[in-house]
Amino acid sequence: MTRLDALGAVYARLEDRVVVTIMGAVAVELQSLGHRPNFFYLQHAMGLASSMGLGIALSRPERQVIVLDGDGSVLMNLGGLTTLARCRPRNLVHVVFDNESLLSVGGFPTATATGSDLARIAAAAGVPRTSTVATLDAFTRAFDEALAANDLTTLVAKVEAVGPSGYVTDLSLLENRFQFQRALRS
Amino acid sequence: MSPVSTTNSRAIYDALKASGIRLLSALPETWLVHLIRLAEDDPEMILVRLAKEEEGVGLSAGAHLAGVKSAMLMQNHGFLASINGIVSCAQLYHIPLLMLITYRGEFGERDPWQTEGGGVTEDLLRALRIPFSCLDRPDHVARRIAKAQTLALAANKPVALLLCRDLMWDEA
């Protein structure tokens with residue numbers, strides 16, 4: 001499964017939900033499918049996308065929040081999984097695209113390439129719903145189940161280490177930030 | 001009895017509430033015990049207990065974009081641990097951040113392990129161009145917290161209040 005295929009498979013479900021992504025391929029590929037005002041791309045501060053998603057989820061319990069994370073970012077903030085679990089926001093779905101590498105900086109392997117299991121780490125941290133999927137069908141099904149479950153979920157999607165040719169898009173960081181704020185507060 | 005000042009902790013908490021703060025992120029430290037307990041006991045406050053302080057930057061950023069006022073409670077060593085988040089989330093994205101930082105390691109510090117961080121705190125705040133003020137007198141608490149919040153929201157950037165020994169500690 002490629003990340004782009006996975007994003008494409010669930011794009012329609014993202015349209016009306018609050019979406020926070022990490023930097024790099026996830027941000028570029030989601031924008032390639034179509035940017036929306038309710039999508040925010042955290043183009044740095046690796047590890048903090050899930051913390052931002054948590055801040056939104058706690059502030060706006062009536063909105064469903066989707067965090068699109070990656071293995072490299074999660075590994076920089078493993079403690080954040082324990083914070084997510086403690087708060088247990090039922091309106092947060094945490095998707096981790098795990099390509100076992102730091103793709104945008106040369107493809108060097110992360111610890112998931114040598115066996116570290118992020119879904120099991122999340123489960124051991126106390127996240128109530130966790131799973132790992134490796135096919136597009138399994139991802140789509142697990143994503144829909146997570147949306148319907150009404151509980152905190154960390155869904156690890158094993159994806160190929162392929163991505164876009166470049167990482168800068170024509171959406172400026174501050175344009176995205178203020179547009180997102182308006183969309184969230186409207 | 002802990003020598004941490006209950007009266008002044010209460011004054012700080014009341015000032016945060018008066019500034020409309022509804023979400024607090026915190027990592028426990030001795031000087032913050034009363035503040036954290038006040039937040040625990042307040043049904044109007046969302047208290048998020050962190051594993052590491054940098055998470056609080058992301059939390060506050062999310063809360064701000066979602067329309068909720070928040071503040072971070074941390075020790076100055078937690079501020080040191082948060083610097084990448086402050087720079088590449090809060091400053092990069094023009095996010096107001098109200099940081100209440102206990103100023104360990106200044107005059108009167110007895111714990112040897114706090115002294116190095118105490119010596120670099122103000123220089124780091126200046127290097128990051130974060131406006132800051134020391135809170136060392138009870139009669140300054142309400143107005144300085146309100147003004148710090150006003151500046152953070154007007155400038156869309158982080159501001160810091162250093163909670164000093166003379167305010168937080170009842171012993172000399």
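Modeller: A helix here is a DSSP run of at least four residues, and a strand is a run of at least two. On that basis chain A of this predicted model has 8 helices and 8 strands.

Colleague: What makes chain A agree with a compact globule?

Modeller: For 186 residues the globule rule gives a radius of gyration near 16 Å, and chain A has 15 Å, so the two agree. The C-alpha trace of chain A spans about 45 × 35 × 30 Å along its principal axes. Buried residues account for 50% of chain A.

Colleague: Which residues have the most contacts inside the largest nonpolar core?

Modeller: They are A:Leu42, A:Ala157, B:Ile101 and B:Leu163, in a core of 107 residues. Helix H3 of chain A, residues 49-59, supplies the largest share of this core, 6 residues.

Colleague: How many residues of chain B are in contact with chain A, and what is their class?

Modeller: On the chain B side 26 residues meet 27 residues of chain A. Strand S2 (46-49), helix H3 (54-65) and helix H5 (83-91) of chain B each give two or more residues to that side, and H3(B) gives the most, with 9 residues. By class, this side of chain B holds 15 nonpolar, 8 polar and 3 charged residues.

Terms used
Residues numbered from 1 in each chain as written. Chains lettered and ligands numbered in written order. Predicted model: local features only at pLDDT ≥ 70, side-chain atom pairs only at ≥ 80, totals over all residues. Core = buried A, V, L, I, M, F, W, Y, C linked by C-beta atoms within 7 Å. Buried ≥ 20, exposed ≤ 12 C-beta atoms within 10 Å, placed from the backbone. Contact = placed C-beta atoms within 7 Å. Nonpolar A, V, L, I, M, F, W, Y, C, P; charged D, E, K, R; others polar. Rg over C-alpha atoms; globule rule 2.2 N^0.38 Å.
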